[in-house]
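The following exercises are intended for a reader who meets this structure for the first time. Please work through each task before reading its solution.

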Amino acid sequence: MLSSLSRSVFSAAARVLVSRPLPVLASRGPGRSLCRSLWVHGGASSALRPTFLNPHRGFPAVSCGCGGLHTEGDKAFAEFLSDEIKEEKKIQKHKNLPKMSGGWEIEVHGTEAKLTRKVSGEKISVTFNTNNSIPPSFEEESQEGQKGEEEEPELISTPNFVVEVTNLDSNQTLVLDCHYPEDEVGHGEEEEESDIFTIREVSFQPTGDTDWKENSYTLGTDSLDWALYDHLMDFLADRGIDNTFADELVELSTALEHQEYIRFLENLKSFIKC
Amino acid sequence: MSLLIRNLQHVVNLRRALLRKNLEISRSCLRVGNFDVGVICINDAKIRQLNKRYREKDTATDVLSFPFHEDLHPGFLPKPLFQDEYNLGDIYLGVEFIYRQCQQTQEDFHSVLTVTAVHGLCHLLGYTHDRLEDWRQMFEKENEVLWAINKATGSALKPLTTAHFDH
């Protein structure tokens, strides 16, 4: 079962990855119905007619005195964004970022977050970035038409995360690059045969350095002895990075991603509206 | 050929390396080291779902085995024709269920987990315990495997079906 299911999941994932782009603004649930109003509002054919201010280029300008270009399209765009922001705020689950259990301290810089904790002689940090962390939808193309008014699946952020374990005595840092397998967030019936998270690469890196030192030996786990892999998973679990942590990280990352998405929309609106 | 361990639950803290070590001894004892085996650790909800779907029993349980081969005879190894058939199948361990039972009986969780996994492995080879004769055969095989583990690790594990039939 495990082997045959894994194969089917991998092939499905590969097909999706090739054919479907990453989510864009319009793919977000509440945005879909609003997209339609944008096109109606834009009145493309009349807006492109030559006018006194734009005799040749067809940019329907709206003057506000700031000196910048403002078109009818920009106005519609800003209105669309107002509605989108309102909708996104309505469905926002967390006004503040959820806390991680296990005494982790959190530090956020834009889309990047860093969790740290100290345990007897070791400093452990986990960093992740919410950019491009929402996997493509696994919905079948052919079923889309049948979906109709059904609710869109919730968007879940599953970022790659990097665990750094620093031995405070030796000042050596072991770095483990961790991922959420693609099929974990699929919507099939029996696809959940992968671990909740997996380790992809392990390496020693200079302590406190943000750049990945390419000449440090990097252990890939694709062809790794499974016994060694299990020891590495136990090593992480002993340091508080287990399935519970991975689940909480998804919740935190999803909240942060949504928060940053709303902030981006607000910035975009200010930029367009002037 | 590999032993794949997957941990899909977060209710119980699992020692994967220990489980693997004991199962590798078991595979070697059963002479099935050249066959793939999947061991999937799941919670109550998931094993209940599987138990309902495949056994029509709407309850959580400790272990469910899904043999890859159909024509199994206890005491005889499957005879694969192709490379893909060097597969014994999958063992689903209801670790939440096992953990809860261990708390009630004051037994060591990882010991019981090993015993349960060995039980599941024997099922993958066609051993059953529905009739007294079948059970005797399975009990002997489980005992043999656990003896090998006990010898290698110094533990004192006993077969899961020890009290299955009065003997």
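Helices (H or I, at least four residues) and strands (E, at least two) are DSSP runs, numbered from the N terminus. The model is a predicted one, in which local features need pLDDT of at least 70 and side-chain atom pairs count only at pLDDT 80 or more, while totals for chains, interfaces and linings use all residues. Residues are numbered from 1 along each chain as its sequence is written, chains are lettered from A in the order in which they are written, and side-chain values use heavy atoms, without hydrogens and water.

**Exercise 1. Describe the fold of chain B.**

Step 1. Chain B contains five helices and four strands. Step 2. Along the sequence, their order in chain B is β-α-β-α-β-β-α-α-α. Step 3. The radius of gyration of chain B (taken over C-alpha atoms) is 15 Å, close to the 15 Å of the globule rule (2.2 Å times the number of residues to the power 0.38) for 167 residues, so chain B is as compact as a globular protein of that length. Step 4. The C-alpha trace of chain B spans about 45 × 35 × 35 Å along its principal axes.

**Exercise 2. Characterise the interface between chain B and chain A.**

Step 1. Contact (heavy atoms within 4.5 Å) links 23 residues of chain B with 22 residues of chain A. Step 2. The two chains bury about 2,100 Å² between them, 44% of it on carbon and sulfur atoms; buried area is the accessible area (1.4 Å probe) that two parts lose on being put together, summed over both. Step 3. Five salt bridges (a side-chain nitrogen of Lys or Arg within 4 Å of a carboxyl oxygen of Asp or Glu) are counted between chain B and chain A. One of these joins the side chains of Asp230(A) and Arg16(B), at 3.1 Å from N to O. Step 4. On the side of chain B that touches chain A, at least two residues each come from S1 (3-7), H1 (16-29), S2 (36-42), H2 (44-55) and S4 (87-94) of chain B. The largest share, five residues, belongs to S1(B).

**Exercise 3. Locate a salt bridge within chain A.**

Step 1. Over all chains, the structure holds 17 salt bridges. Step 2. In one salt bridge, the side chains of Glu87(A) and Lys90(A) meet at 3.4 Å, N to O. Step 3. Both residues lie in helix H4 (residues 72-91) of chain A, three residues apart, about one turn of the helix.
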